[in-house]
Every structure is written in C-alpha cells, then in structure tokens.
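The following exercises concern one protein structure.

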Amino acid sequence: MLGFQQSEMQGRSFFDFMPGTDHGEGKVRLERRNAGISEGHECDLVHRNGSLIRTWMTTSPITDIEGNATGALALVTDISARKQTELLLRECEERYEKIVARISDAVMIHESGIILFANPAAADLLGQKNAATLVGMNALNFAHPDEQPAIIERMRQLMQNTTDDFLPPLRQRMVMPNGRVVIIESVTGK
C-alpha cells in the first residue's frame, strides 16, 4: 500500500509514515491505545513516492497479562478511491442543485408524499417564501381533493413498477394556499 518493502518498514515508528502535520493527532491516538482504548478513524499515510494515501485504520491495544499496553494492532484499509468518489459525487450533487435551482419549472422530490427537496420555482408556484419551507410538508396537501386518489395510485404504481423509472406525464389540479386552483403537468419518477 505504501510502496515500501517489509524490511524497510520494520523497526521504524509509525510516525515515519504519517505527514508531519498529523503527528500531534497520532500522539493523542497512541495515548488512547496505551490507555486500552480501541477505535477506528481515518488517517493519512505517506506513500514512498510522497503522495498521501487516505486510510481507515482500526486499532486495538495489545496488553500483557496485567493489562499493561505493550503495543498495538492496526488494520489499515486504503480508502483513497472511495474518498475521491465521494468528492466527485458531492461536486455532481452541487452542480445538479445549482441547475435545478435555476430552471423555471417547478421541481419537487418527495418520498411517500413528504417533500425532501424543492427548487425556487416550486416555492413560487406553491406560494411559499422559499424552497426550504416546503421540505417536510406533505405534497398531497397542495393537490386538489378530487386529484388525490389518482396521485396516490400513481405513487403505488411507480413503487410496484420494476421496468420503468417514470410514469407518463399527468395533468392535475393543485390548490394554492390562497385557494386559487391551477392546472399543472407532472412527471412522476423514482
């Protein structure tokens, strides 16, 4: 993982394989190990070529018969690729949210009717101050009472459908907070 031969690592301190900026935290973790504490944590290690390797380290103290710490056992897993994927996913999510926030169509994401996300256009359509006020509300509260059974049926169909991610568009009436009825076209997908 670090590019060294086993013989090059034997007898060296684990601090030799950590960035200097992490030595303080490493000393704290060593004190915890010497106190008999096992734990898991992320840790940067330095590859032979100088690059950083992001790892997940699970550590446990090794004790003698009287319970005194005599060493530690560490299971080290390279999570660099996973951390890079998480970073790329966050960047994609941020770009997606910026795009959705700027389009003029109302977008709401809900689970079983409870709104998890809404864009500013949805807030405008539904007469709300901002999109955040919609989060946690039941989307069915905005549906015309005569439309609610059909909407519930569409949700049921979508959950049972294993082949298509979206149902065909549906025109339906919605009731705004001021009582005004508007007709929208909605696309339901999972």
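Predicted model: local features only at pLDDT ≥ 70, side-chain atom pairs only at ≥ 80, totals over all residues.

**Exercise 1.** State which residues form the nonpolar patch on the surface and which form the negative one.

*Solution.* Step 1: Recall the rule for patches. A patch is made of residues with over 30% relative accessible area and no salt bridge; like charges are joined within 9 Å, and nonpolar side chains (Val, Leu, Ile, Met, Phe, Trp, Tyr) within 5 Å. Accessible areas come from the Shrake-Rupley method with a 1.4 Å probe, and for residues only the protein chains shown count as cover.

Step 1: The nonpolar patch consists of Tyr96, Ile109, Ile114 and Leu116, which together have about 350 Å² of accessible area. One of its members, Ile114, belongs to strand S5 (residues 114-118). Because its relative accessible area is 36%, Ile114 is partly exposed.

Step 2: Glu91, Glu93, Glu94 and Glu97 form the negative patch. Asp and Glu count as negative, Lys and Arg as positive, and His and the chain ends are not counted. The place of a charge is taken as NZ of Lys, CZ of Arg, CG of Asp or CD of Glu. Glu91 is found in helix H3 (residues 80-102), and with a relative accessible area of 33% Glu91 is partly exposed.

**Exercise 2.** Find how many salt bridges the whole structure has, and describe the pair formed by Glu39 and Arg29.

*Solution.* Step 1: Side chains of opposite charge can pair when their charged atoms come close. A salt bridge is a side-chain nitrogen of Lys or Arg within 4 Å of a carboxyl oxygen of Asp or Glu. The whole structure has 15 salt bridges.

Step 1: In the pair of Glu39 and Arg29, the closest N and O atoms are 3.3 Å apart. Glu39 lies in strand S1 (residues 39-46) and Arg29 in helix H2 (residues 23-34), so this pair ties together parts that are 10 residues apart in sequence. Both Glu39 and Arg29 are buried.

**Exercise 3.** Identify the partner of Glu42 and that of Arg82, then name the network of salt bridges.

*Solution.* Step 1: Glu42 forms a salt bridge with Lys83, with 3.0 Å between the closest N and O atoms. Since Glu42 lies in strand S1 and Lys83 in helix H3, the pair ties together parts that are 41 residues apart in sequence. Glu42 is partly exposed at 25% relative accessibility, as is Lys83 at 26%.

Step 1: Arg82 pairs with Glu86 in a salt bridge whose closest N and O atoms are 3.2 Å apart. Both residues lie in helix H3, 4 residues apart, about one turn of the helix. Arg82 is partly exposed at 42%, and Glu86 is partly exposed at 28%.

Step 2: Glu42, Asp44, Arg54, Arg82, Lys83 and Glu86 are linked in a network of salt bridges.

**Exercise 4.** Decide whether Glu147 is buried or exposed, and name the residue whose side chain its own side chain contacts.

*Solution.* Step 1: Glu147 is found in the loop between helix H4 (120-125) and helix H5 (148-160). With a relative accessible area of 14%, Glu147 is buried.

Step 1: The side chain of Glu147 makes a polar contact with the side chain of Arg173, at 3.0 Å. A polar contact is a pair of N or O atoms within 3.5 Å; within protein, one must be able to donate a hydrogen and the other to accept it, and residues adjacent in sequence count only if both atoms are side-chain atoms.

Notes:
Residues numbered from 1 in each chain as written. Heavy atoms only, no water. Helix = DSSP H or I, 4+ residues; strand = E, 2+ residues; numbered from the N terminus. Buried < 20%, exposed > 50% of the residue type's maximum accessible area, 1.4 Å probe, protein only.
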